[in-house]
Each structure stands twice: as C-alpha cells, then as structure tokens.
Amino acid sequence: MLHTFVALVDDKPGVLTRVASLFRRLSINIVSLTVGESEAADTSRMTIVCEAPEHAADRIRASLYKLEITRHVDEVGRSEAVIRELCLIKVAAGPNEPNGLHSRSQIFELADVFRARVVDLAPESIMLEMTGSSSKIEGLIQVLRESGYTILEVSRTGRMAMRRGHHTSRVLKALGTADATEPPHPSRRKTDTLPNQFESD
C-alpha cells in the first residue's frame, strides 16, 4: 500500500541523499519525493510517498527520526490532509495531426472539463498545467490518449500534502516556536514523545 509522510528536516546540503539512502537500506521504494522551503527558517518540508506493507509505517517513521536532521515526521491520509500534485502535459496539436488545427479547440474543451490551464501555445503543441489529485491527473492523461492525441512530454511533481486544521503543539515545538510552558495536549498518549529519542542500531 502507499504511505504518505510529511517530514520537516534541516535545510542542509546532503539531506535529500540521506533520506533516499535510508529508504534504500530499508528496501522500500519511493514512489515520489517532493521537497521545498517550509514556514520556518532553515527548515525544509518533504512529502514522501512510498510503497510498503501497512505494518511498515511505524518502522519508517522511527527510522526517519533516527536521522539527526529530522525535526518532525507525520504520516497523513486522504481523509485528514489536503493532498495535491502539479503536472505539466505537452500535447501535439499542429496542422499535421489527424484533426489538424481543429484539435486545439478539442484540447481546450478537455482542459476546461478537468480544470486544467493552457500555459503555452506553440505552432506544433499545447502545454497544459493541472493541479489536483493523482487520479484526476491520470484521468486527463488517459482521456487525451484515448482521444487519439499524442502526448509529447509529461512532468509531475509527485504528491504534496498538508494536514488539515492548525499545527499541533508537537509540530510547533519541533520548529522551536511553541511556548515551553505549554501543557501537553490532552489527546497525546504517554508514549508519544518528541523525536530523536531512538537508540542507534
């Protein structure tokens, strides 16, 4: 099954390599990995989608915490987070295509149905930009192919995820912005401790 982890890590050289090497050692395939700046200085946000058995989630989370560059790790699902993906699709739409230049108006109609945007129009092609769920993007690609269009290029970012609602006190403390006198959250289990308390292998 697919697991989606959101990790806050230090913004340092070599962090991406260390995370990728960790999954290689665990023999777990990374389906997509998106990384960029976060809301805190010197901190990056990673969205890691991997394919692993259901019982492997806790092992992956604990292994990420063993890296000293990790500040916080959260596994999220569709029901509790907003998950989106960005995709660019270049479609052949020149005069030599089966429907000629008329194919452009048809692509515009398909883009409107899927709420995609035309971001580039060249003599031989049209580039579409689409943001949405993975299934919605795959649906547009499938419809384009089944309609006889030639897809020249596809570029996808992979999933980006953010939990709904406010930051938990645990995330704020990991970022160093929580009040040190803040009482523990009533829903926090006794064993739910802060990261980097795992012993080394």
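Mentor: Let's start with a term we will need: a polar contact is a pair of N or O atoms within 3.5 Å. Please also keep in mind that this is a predicted model.

Trainee: Thanks! Then which side chains does the polar contact of 3.0 Å join?

Mentor: The side chains of T4 and R159. T4 belongs to strand β1, which covers residues 2–10.

Trainee: Is T4 buried or exposed?

Mentor: Buried means under 20% relative accessible area. T4 has a relative accessible area of 3%, so T4 is buried. Setting aside neighbours within four places in sequence, T4 is in contact with T47, I48, V49, D74, E75, V76, R159 and A161.

Trainee: Let me step back to the whole protein. How many helices and strands does the secondary structure come to?

Mentor: There are five helices and nine strands. Reading from the N terminus, their order is β-α-β-β-α-β-β-α-β-β-α-β-β-α.

Trainee: And how much of the protein is buried?

Mentor: Of the 201 residues, 40% are buried.

Trainee: What share of the contacts comes from residues 24 or more positions apart?

Mentor: Among contacts with a separation of 6 or more, such residues account for 70%.

Trainee: How should I read the confidence of the model?

Mentor: Look at pLDDT, the predictor's confidence in each residue, from 0 to 100. The protein averages 82, and 80% of the residues score at least 70.

Trainee: Where does pLDDT stay under 50?

Mentor: Over residues 179–201, for which the model has 19 contacts beyond four places in sequence.

Trainee: Now for charges. How many salt bridges does a search of the whole structure find?

Mentor: The search finds 10. To spot one, look for a side-chain nitrogen of Lys or Arg within 4 Å of a carboxyl oxygen of Asp or Glu.

Trainee: Which other residue forms a salt bridge with R163?

Mentor: That residue is E80, with the closest N and O atoms 3.7 Å apart. E80 sits in the loop between β4 and β5 while R163 is in strand β9, so the pair ties together parts 83 residues apart in sequence. R163 is partly exposed at 31% relative accessibility, and E80 is partly exposed with a relative accessible area of 31%.

Trainee: What parts of the chain does the salt bridge of E138 and R156 link?

Mentor: The side chains of E138 and R156 meet at 3.7 Å, N to O. This pair links distant parts of the chain, with E138 in helix α4 (residues 134–146) and R156 in strand β8 (residues 151–156), 18 residues apart. E138 is partly exposed at 43%, and R156 is partly exposed at 32%.

Trainee: Which residues are linked in a network of salt bridges?

Mentor: D10, K12 and R71 are linked in such a network.

Trainee: Let's turn to the surface. Which residues form a nonpolar patch there?

Mentor: They are F108, V118 and L121, with about 240 Å² of accessible area together. A residue in a patch needs over 30% relative accessible area. F108 has 37% and is partly exposed; its place is in helix α3, residues 102–113.

Trainee: Where does R115 lie, and what is its phi?

Mentor: R115 lies in the loop between α3 and β6 (117–121). R115 has a positive phi of about 60 degrees although it is not a glycine, and R115 is exposed, with a relative accessible area of 70%.

Methods:
Residues numbered from 1 in each chain as written. Heavy atoms only, no water. Patch = residues over 30% accessible without salt bridge, like charges linked within 9 Å, V, L, I, M, F, W, Y side chains within 5 Å. Areas by Shrake-Rupley, 256 points an atom, 1.4 Å probe, with all protein chains shown as cover. Helix = DSSP H or I, 4+ residues; strand = E, 2+ residues; numbered from the N terminus. Buried < 20%, exposed > 50% of the residue type's maximum accessible area, 1.4 Å probe, protein only. Contact = heavy atoms within 4.5 Å. Polar contact = N/O pair within 3.5 Å; in protein donor to acceptor, adjacent residues only side chain to side chain.
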